Amino acid sequence: MLTVNGRGKRLAVATLTTVFLYGCGGGEINVDPPAPVVDYSKHKALVIGVDGMQYEKLQEAIAAGQAPNLARFHLAKTYGGGIVGSVTEQVTSSGASWTTILTGVWANRHKVTSNDDRFRNQADSVFKLIKDADARRRTASIVSWNTINNNFARDIDLRHITHAEKCSEDDQCVADKVSGLLVFGDVDFVFAHFDDVDNVGHSVGFVPAYQAAIQSTDARIGQVLAALQRRQQNHPDEDWLIMVTPDHGRSLPGGFGHGSQTLSEKTTFIATNKEANAQFNSPFKDPADMAFNGLYGNATQADIVPTVLTHLGVKPDVPNYRIDGVPLLGQPSVRQLTARADDEARSVTLQWRNSGQPSGKPLTIYRDGKQIAQLDDAATTYIDQGLGVPDGVAELNYSVVLDQIPVAYLARINAGKPAQVNP
């Protein structure tokens with residue numbers, strides 16, 4: 001079921017009512033109902049990329065009635081570019097950003113650090129993770145900016161992306177091909193990318209033509225949504241997650257460029273048709289790093305992939321989890337996970353925030369697939385000491401898990417040779 005500003009389709013489940021026992025000593029036994037059974041084969045996802053669409057300018061377009069399709073979605077401010085000064089910092093350019101959006105990790109993992117289309121993504125993509133979970137599932141990537149599919153060429157070659165199209169800066173081509181695929185194809189995950197807003201921004205900046213580009217892109221999104229509604233006339237049991245996001249903001253005051261670490265360039269957004277959780281709706285007002293007016297308290301562009309996987313029912317490999325983002329559906333567990341390395345002590349301090357009130361549930365920490373600690377959910381810090389890492393730079397993948405929901409962080413430690421002590 002396609003729902004916008006509404007709740008997704010819920011499957012009816014049988015429940016067990018009170019069982020009455022009669023006879024000597026008989027009484028009532030209350031039996032808890034079984035957990036709902038979800039047919040994830042009917043869950044589908046569509047991620048729409050709107051390149052270079054500024055959050056504040058979209059809000060202006062919505063207020064002016066120029067973006068009626070995006071106005072129907074739940075909308076939240078997010079950020080890109082990682083956290084400045086940490087291992088996650090990356091340029092607010094399209095190559096790095098779209099790769100983060102399609103992998104759920106920052107450039108320290110995926111290695112796409114610029115717009116060079118010769119880069120190849122080095123992390124597991126959303127396409128691969130979906131196919132690994134169920135080889136019968138079909139995925140698609142239809143893009144206006146060809147570099148995106150070039151960066152994911154290995155996924156295309158290995159058939160993790162089963163339908164790939166390059167539209168060479170023709171956004172109407174994207175709208176037409178995605179619409180046709182939704183109506184007539186058999187697909188479980190679709191990535192659609194529109195580039196006009198970014199191109200206009202580079203050419204003329206924040207002028208009426210930029211707002212007009214938002215309006216025309218919104219109309220093309222409307223075409224895609226209409227195709228999806230037509231599909232669901234023939235497939236009423238399908239439950240579609242839709243997410244819309246840009247890759248970056250734009251530089252001020254003119255809005256011509258991007259790529260640097262400024263508040264305007266780092267500010268992005270996510271729009272979704274589903275009721276989202278606290279990671280989306282309740283930003284922290286006091287993140288550990290208060291730079292950029294507290295922007296780091298918000299959700300991130302890395303949260304899109306784990307959200308898609310959650311909707312599709314893809315179960316995480318908890319000990320070896322390597323996704324930096326947090327799912328925006330369901331109850332989030334650990335948020336705001338960071339790591340600080342002490343090179344001299346050869347230790348790593350993990351810090352995080354919990355979404356709910358502590359209840360004594362176990363919280364498990366893994367390093368490179370091995371369990372190293374089990375705490376309870378009141379804990380928000382753990383120091384991994386005495387690391388036997390060799391001299392030089394080492395990367396350690398941590399996975400912090402609560403309620404079987406993991407969040408990962410790739411820490412880097414530079415363990416130099418100890419200084420010699422004079423006799």
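Residues are numbered from 1 along each chain as its sequence is written, and side-chain values use heavy atoms, with hydrogens and water left out. Because this is a predicted model, local features need pLDDT of at least 70 and side-chain atom pairs count only at pLDDT 80 or more, while totals for chains, interfaces and linings use all residues.

Let's start inside. In soluble globular proteins, nonpolar side chains tend to be buried together. A nonpolar core here is a set of buried Ala, Val, Leu, Ile, Met, Phe, Trp, Tyr and Cys residues joined through side-chain atoms within 4.5 Å; buried means under 20% relative accessible area, exposed over 50%, and partly exposed in between, using a 1.4 Å probe and protein chains only. The largest such core has 39 residues, and L46, I48, M53, V178, L182, V190 and I221 have the most contacts inside it. Among the elements giving two or more residues to this core are β3 (43–50), α7 (171–184), β7 (189–194) and α9 (208–234). Helices (H or I, at least four residues) and strands (E, at least two) are DSSP runs, numbered from the N terminus. The biggest contribution, eight residues, comes from α9.

Leaving aside neighbours within four places in sequence, V190 is in contact (heavy atoms within 4.5 Å) with A45, L46, V47, A140, V178, L181 and L182. A second, separate core of 34 residues includes A76, L129, F191 and L312.

Next, look at how α1 and α9 meet. Their axes, lines fitted to C-alpha atoms over the stretch in contact, with angles from 0 to 180 degrees between N-to-C directions, come within 10 Å and cross at roughly 75 degrees. The two helices are therefore roughly perpendicular, the label for 65 to 115 degrees; under 35 is roughly parallel, over 145 roughly antiparallel, and the rest oblique. On the α1 side, K57, L58, E60 and A61 meet Y210, Q211 and I214 of α9.

Finally, some backbone details. Most residues other than glycine have a negative phi, and most peptide bonds are trans. L252 and P253 are joined by a cis peptide bond, with omega about 5 degrees, and P253 lies in the loop between β8 and α10 (263–266). R159, not a glycine, has a positive phi of about 65 degrees. R159 sits in the loop between α6 (153–157) and β6 (163–166), and counts as partly exposed because its relative accessibility is 46%. F292 also has a positive phi, near 55 degrees, but is found in helix α12 (residues 291–294).
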